[in-house]
Amino acid sequence: MENKKAKKRSMTMEVCQRLARNKMAMLGLAILVVLVLCAVFADVIADYETKVVAQNIANRLKGPSAEHWFGTDEFGRDIFARIIHGSRVSLVVGLISVSVSLILGGILGAFAGFYGGRVDNVIMRVMDIFLAVPSTLLAMTIVAALGSSLVNVMLAIGVSGIPTYARIVRAAVMSVKDQEFVEASRAIGATNVTTIFREIIPNCLAPIIVQATLSVAGAILSTASLSFIGLGVQPPDPEWGAMLSGGRNFLRDAVHLTLFPGLAIVITILALNLLGDGLRDALDPRLKQ
Amino acid sequence: MHKYVIKRLIMLIPVVIGVSFLVFFIMSLAPGDTARTILGEDAPIEAIEALNEELGLNDPVLIRYGRYMVGLAHGDLGTSYKSGRSVFTEVMSRFPDTLKLAFWGMIFAVVLSIPIGIISATKQYSLIDSVSMVFALLGVATPNFWLGLMLIIGFSLHLRWFPSGGSEGWKALVLPVITLGTGCMANITRTTRSSMLEVIRQDYIRTAKAKGVGYRSVIYKHALKNALIPVVTVIGLQFGSLLGGAVLTEAVFSWPGVGTYLVNSIKAKDTPAVLGCVIIFSICFSIVNLCVDILYAYIDPRIKSKYK
Amino acid sequence: MAEHDSKYTLEIKDLEVQFKTVDGVVKAVNGIDLAIEKGKTLGLVGETGAGKTTTALSILRLVPDPPGKITGGTITLEGKDLFSYSEKEMETIRGSQVSMIFQDPMTSLNPVMTVGDQIAEVIQLHEKIDPKEALEKAKAMLEMVGIPGNRGTEYPHQFSGGMKQRVIIAMALVCNPHLLIADEPTTALDVTIQAQVLDLMQKLREKYGTSMLMITHDLGIVAEVCDNVSIMYAGRIVEHGTLEDIFNSTSHPYTEGLFGSLPNIENRNEQLKPIPGLMPDPTDLPPGCAFHPRCKYCKDICKSRVPAVTKLSDTHLVACLAYEEGTGVTLGGGDNE
């Protein structure tokens, strides 16, 4: 038992070392750390009430300056402050919606893979139907039905991600379920549920971690998309996609309204993708080399 | 093969039924009173009741769904609450424009991505590889609606090369197609590269070289067909995001397609119109996936022999 | 040189191949000499990682580069220096003058091409012949390896492992090469199939008068098909001789160890004597004789001095300090039995 633990720890170490050697992944991680810090200390960097939502018509559509690094928007609000606070929304939506997909999809996939037969068939056919609707459209439909709000956006994006995880977990469960250590744990009297959680889930973590990192990026993108067409976060709350949507009317004279929120999205997604790719390579050394 | 295609076409039916039920069910969760939305806040209660009765909105979900499906079987997607016209006609009149956008977007993506992916893989770690991989990474990370806005700023507001909206002529097509296709292109490039890298390490590539096959022939005759198998899968999957992306691209460029109609319908709470759009898009996606599966069998004899 | 032209199909002198990896330089082949007489078979024997496949790929100039590089030595095929050829000229040699059969038939055929096309491709590359004739010839070749010609239109996944190896043999021999390199051609096959495939290779080889380099770790196969044997360890040839030399007057402690690892049919109670330890890390080869950490006769001098080649007879060569004058190393007995 000790031995097994030690082995596990050293494997984690090895993965971390491989990841640390990947410069691009480390760049992604560094950007993410900065972003998370921005999100956590957003209130310290810029006060919400006075800088982010308070309108100041005298100051409207000002270009970047020492006072307003990224300029001001059509209501005279500081774009830098709004982007910083917007990172909160993006990261929270990203994490929560992916957790929703992961938990629901994971449970469905685990049951489908573990029990096989009819259970598997029914679950996976339902998943197929979900997959037949392009996920952005599915999310739009859900938000359209439930109404535009942050919670509904998270729910919509979370639900549209369920099939992905159901498939990953199902495949992983099927590939490990007949291996000896699982049979061994059943042989010593573990129930199905404990087997699923104790033995199978830890053994299919690798693809899930990779997918989760990449889906946080996808979720942030979807949130911005929904907000952009007016179905997501409602003004005056700062959200990158909503800011872009607002800036559309000033493309000719005030590019900074659309430029900076867009760059914020690009950098965030890029960082997550770099980290996700790095994790995939680190967890599957076969691919590299 | 014919049998397989027919079988797959028949299998589309339960998918359409499932999808329409899913979307119908989601839309039926919508709070608020449709009749009130149509008639306005000030409408008298009696009028609202009457309209609800007329539209059959007082019946349970399953009955309404059943009625809807009977209509669907006859190619009837219901009547738009907003315009009072047939949703099918409304969607179909806009469909060719969306299809045009999606088709050229996909062509743009595929035509550029596959050669770039191959060159990157065969010249791994070279300058050209690094440059294309940076672009691919940026392409995946860039939201298409933002790219669209940036293209408008650069190419229509400043350079005045292309219009920023409308759908008249090939010039109007250029920016929307780049906007829509870039994300797909980036994804397909990355897949082509990694798949090619995987394939050129395979034993059968070494066998081909040991036979005396020349370098170009090894890459284009032996490696490419094998490498395309995962690429075709990704192209099929990307088509789904292309349809989603079309909605946003249409919004940016005021493209008069199904996407714009969908967004307007969602805002107007025009349930039958939303349902119709999503169902049409999903059927379209399913048909593309069917084509991908057939193409798959064409490329890979191992899959083909399963269907015989 | 001129004299050799007539005698040897292949001569390798002092070949060195290195791989540059993140963990350091892998010295895969460290100055080996090999020679194959016309129409004869040389067995190249050693454990996994001894550098056998790298040696074989060097002959085709197919060592993956990067990370691999041939850093020294010469390879002469039919009297001509292989390293003097351009890459284009090499392409005309591969498959026509030198062919190779790879270890794993399951992965060595292109899954999306019919086997007939794959055989016909070699013919078309090396002979001026139209595609139809090439296909006919491919069919005939399939018949020759015991596969009905009409199965040429099938894909590799429709064949079993043994059948696939037959296809690969057909592909390798269809252009009548001077030299056939067989890299563990039967390791991946069932035992009963192994014998059939070996038999087929022998028959065709004799028919065409092809010389062969048989790479294997199986001394049974060596006894069956080889005329001469070279034993390879950590990128060096440690012993070379005729079949009798190696089997009847085994000289190198490593060769002795290889025989000790085989079960003895006559005396089943006898304990197997596997060689202790593992192949050394090729990025960090031990100084002196590379085998010394695993050698039961090892003396201090073995840890610092690289053994030279000692001629035991006209045909029998060995690289071990025990055969060199004044080293004080003796074999026999052993001190840890």
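Predicted model: local features only at pLDDT ≥ 70, side-chain atom pairs only at ≥ 80, totals over all residues.

Biologist: Which chains have the most contacts between them?
Modeller: Two pairs of chains touch, and the most contacts are between chains A and B, where a contact means heavy atoms within 4.5 Å. Chains A and C do not touch, and their nearest C-alpha atoms are 9 Å apart.

Biologist: And in the largest nonpolar core, which residues touch the most other members?
Modeller: Those are A:Met140 and B:Leu262, in a core of 154 residues. A nonpolar core here is a set of buried Ala, Val, Leu, Ile, Met, Phe, Trp, Tyr and Cys residues joined through side-chain atoms within 4.5 Å, with buried meaning under 20% relative accessible area, exposed over 50% and partly exposed in between, for a 1.4 Å probe and protein chains only. The largest share of this core, 19 residues, is supplied by helix H10 (residues 215-253) of chain B, helices being DSSP runs of H or I with at least four residues and strands runs of E with at least two, numbered from the N terminus.

Biologist: What does A:Met140 touch?
Modeller: Leaving out residues up to four places away in sequence, A:Met140 touches A:Leu226, A:Ile229 and A:Leu231, and from chain B it touches Gly244, Val247, Leu262 and Ile266. Apart from that core lies another, of 54 residues, including C:Val197 and C:Leu258.

Biologist: Switching to chain C, how many helices and strands?
Modeller: Chain C has ten helices and twelve strands. Its radius of gyration, taken over C-alpha atoms, is 21 Å, close to the 20 Å that the globule rule (2.2 Å times the number of residues to the power 0.38) gives for 337 residues, so chain C is as compact as a globular protein of that length. Buried residues make up 50% of chain C.

Biologist: Last one, where is B:Lys304?
Modeller: B:Lys304 sits in helix H13 (residues 301-304) of chain B, and with a relative accessible area of 32% B:Lys304 is partly exposed. Its C-alpha atom is separated by 8.6 Å from that of B:Ile294, ten residues apart along the chain.

Definitions and conventions: Residues numbered from 1 in each chain as written. Chains lettered and ligands numbered in written order. Heavy atoms only, no water.
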